[in-house]
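Open the model in your viewer and keep a selection panel at hand.

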Amino acid sequence: GTARRAQPEGARSTMTTGSTHVLITGGAGFIGTNLALYLRDRRYRVTILDNESLGKREYVAPYCEHFVQGDILDRALLSELVCGKDIVIHLAADTRVLDSIACPETNFAVNVQGTFNLLNICRDAGVPYIVNASTGGAILGEAPTPINESMVPAPLSPYGASKLATEGYCSAFMESYGMRILSLRFSNVYGPHSYHKGSVIAHFIKSILKNEPLTVYGDGTQVRDYIFTSDLMDGIHNAMNARVTGVFQLGSGRPVMLNELIDTLRRVTGHTFDVLYKDARSGEIHTTWCDTAKAKAAFGFAPATSLEDGVRKTWEWFTGEKARAA
């Protein structure tokens with residue numbers, strides 16, 4: 001991982017880590033598992049809420065003080081769990097673009113209704129600080145690159161629309177009720193602990209390990225911004241310490257074409273594999289990558305992991321897991 005970065009001047013922490021109790025919703029997923037480990041190593045007390053629809057208790061149990069199996073739509077449970085928490089980090093979501101197109105009702109219920117429930121309950125409980133996980137490309141649609149926080153949103157999918165709605169409610173609850181809420185727009189995150197992750201790097205690595213061809217929807221010229229987990233964790237932690245509010249983009253700040261990613265996988269893994277190109281899928285953006293200048297100015301965000309190094313560390317994690325399973 002990368003070294004922890006010093007906070008910029010004026011961003012002095014208001015928290016004492018040893019006594020800070022954090023609730024992570026959706027904390028058994030890929031990002032939640034990495035975050036729980038990161039925070040545990042910095043002596044935070046961590047409680048996880050997850051319905052185990054994708055993530056599993058055993059993934060994250062070693063890194064948290066309490067694990068609660070439950071759903072973001074369970075208001076009574078939420079009321080119990082937010083009580084006494086210093087920070088709520090809201091990761092629970094229905095995150096798959098194609099699933100949201102197939103079933104927008106589920107996506108709305110989990111992402112919009114679930115987030116509204118959480119904000120309302122945190123307001124009643126007086127939770128001091130909330131971090132809401134959002135997304136960049138899906139909110140903005142096909143926009144000029146690099147994308148930034150000032151652009152007008154134009155979602156192409158129900159998933160993007162749902163995340164835009166959550167940002168809107170976060171803004172409204174800040175202005176109406178004086179709450180302190182941060183929305184972080186993550187780009188494409190990859191790295192260790194991506195057991196069930198369906199995004200491209202984890203999916204491709206799993207295919208390589210099974211000696212299967214890689215399937216690309218489109219011609220491989222699609223462009224994304226890939227951020228390695230340790231850089232993202234540093235960004236979340238620095239933002240929490242600075243107690244910033246509003247919307248910030250967190251990505252590598254570097255455009256990567258899908259064919260470039262495939263070439264990187266060939267170099268890192270040493271494997272030869274076929275690539276099957278199929279028709280592009282509706283609702284998916286062709287080109288998106290982000291400008292992180294706002295996050296750099298506000299809380300010193302400076303991702304340092306190269307694509308090659310990050311892919312190598314991810315590959316080593318997957319091959320280590322395969323060896324342990326054998």
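Predicted model: local features only at pLDDT ≥ 70, side-chain atom pairs only at ≥ 80, totals over all residues.

Residues are numbered from 1 along each chain as its sequence is written, and side-chain values use heavy atoms, with hydrogens and water left out.

**Stop 1: helix α12**

Select residues 307-325, which make up helix α12. Helices here are DSSP runs of H or I with at least four residues, strands are runs of E with at least two, and numbering starts from the N terminus. Show the side chains of Asp 309 and Arg 312, which sit three residues apart in this helix, about one turn. How far apart are N and O in the salt bridge of Asp 309 and Arg 312? The distance is 3.4 Å; a salt bridge requires a side-chain nitrogen of Lys or Arg within 4 Å of a carboxyl oxygen of Asp or Glu. Asp 309 is partly exposed at 37% relative accessible area, and Arg 312 is partly exposed at 32%.

**Stop 2: helix α10**

Move to residues 258-269, helix α10, where Asp 263 and Arg 266 are three residues apart and thus separated by about one helical turn. These two form a salt bridge whose closest N and O atoms are 3.7 Å apart. Asp 263 has a relative accessible area of 40% and Arg 266 has 33%, so both count as partly exposed.

**Stop 3: Arg 40 and Asp 41**

Select this pair next; its salt bridge has closest N and O atoms 2.9 Å apart. Arg 40 is partly exposed at 36%, as is Asp 41 at 46%. The structure holds eleven salt bridges.

**Stop 4: the cores**

A nonpolar core is a set of buried Ala, Val, Leu, Ile, Met, Phe, Trp, Tyr and Cys residues joined through side-chain atoms within 4.5 Å. Select Ile 24, Leu 39, Ile 89 and Phe 186, the residues with the most contacts inside the largest core, which has 39 residues. Centre on Phe 186: among the residues it touches are Ile 31, Leu 91, Ala 133, Leu 232 and Leu 250, leaving aside residues up to four places away in sequence. Contact means heavy atoms within 4.5 Å.

Finish at Phe 204, Leu 209, Val 256 and Trp 317, which belong to a second, separate core of 24 residues.

Notes. Buried < 20%, exposed > 50% of the residue type's maximum accessible area, 1.4 Å probe, protein only.
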